[in-house]
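Please open the model in your viewer and keep the selection panel at hand. The tour moves from one selection to the next and says what is there at each stop.

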Amino acid sequence: MSPENTKRLNDRFGHILRSDKSPRYALHMYGFQCEDGWFQMLWDLLEGIENHLKTCTPEVINAFHVQQVKEKFGTLRFYTSHNTFDEKDILSILIRDAEAKSATICEECGSAGGEVHWLPRVQCLCLPHFIDTVIDNIEGICANAPVAERDMISSYSGKIVGKTKCYPD
């Protein structure tokens, strides 16, 4: 995530994201490990968590902290100190819903997207960002792909860019 959006989230939700609660966790070492397209979804999730925490006991509020926020296998992973994953637990529901929603939002721009497998990654991207990603990474993708997949990638990327880069001329 961009430094600007990271700052906006930390400025607004610093009481939930405070590093003094979790200095050794990845969120404070590496920041938000996802792209800006999920910014609004994260904002909404943190607002929901904040609103729910207002109804909790001081013990729950003081114990709660975000440990890590990242993209993994094309969807959001949102790890916290809250480890009660009950179907009726509000914090768990908020987090699980945001993680599921992330599979439909382009991680790059925030528009509607879908799960895209491009070797060796899985991401949630809209079609324009998928095309840009394939074009920008076609040589690396092909170098790591089995021969049968190279043919498929060559065929698909050839339709996109008008020529293939999988095999040298």
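Predicted model: local features only at pLDDT ≥ 70, side-chain atom pairs only at ≥ 80, totals over all residues.

Begin by selecting helix H1, residues 3-17, together with helix H3, residues 39-53. The two pack at an angle of about 15 degrees, with their axes 10 Å apart. Because that angle falls under 35 degrees, H1 counts as roughly parallel to H3. H1 passes H3 in a left-handed crossing. To see the contact itself, show the side chains: on H1 the residues involved include Leu 9, Phe 13 and Ile 16, while among those on H3 are Leu 42, Trp 43 and Leu 46.

Next, select helix H5, residues 90-101. Within H5, colour Leu 91, Ser 92, Ile 95 and Ala 98, which are buried. These residues cover an arc of only 135 degrees around the axis, so they lie on the same side of H5. Among the elements that cover the buried residues of H5 are helix H3 and strand S2, residues 75-80.

Finally, select Thr 80, which has its place in strand S2. Is Thr 80 buried or exposed? Its relative accessibility is 11%, and Thr 80 therefore counts as buried. Leaving aside residues up to four places away in sequence, Thr 80 touches Phe 64, His 65, Val 66, Gln 67 and Ile 95. Thr 80 and Ile 95 are 15 residues apart in sequence, and their C-alpha atoms are 9.4 Å apart in space.

Definitions and conventions. Residues numbered from 1 in each chain as written. Heavy atoms only, no water. Helix = DSSP H or I, 4+ residues; strand = E, 2+ residues; numbered from the N terminus. Expected span 1.5 Å × (residues − 1). Buried < 20%, exposed > 50% of the residue type's maximum accessible area, 1.4 Å probe, protein only. Arc of directions from axis to C-beta. Contact = heavy atoms within 4.5 Å. Axes fitted to C-alpha atoms, helices over the stretch in contact; angles between N-to-C directions. Parallel < 35°, antiparallel > 145°, perpendicular 65-115°, else oblique. Left-handed = near helix turned anticlockwise from the far one by under 90°.
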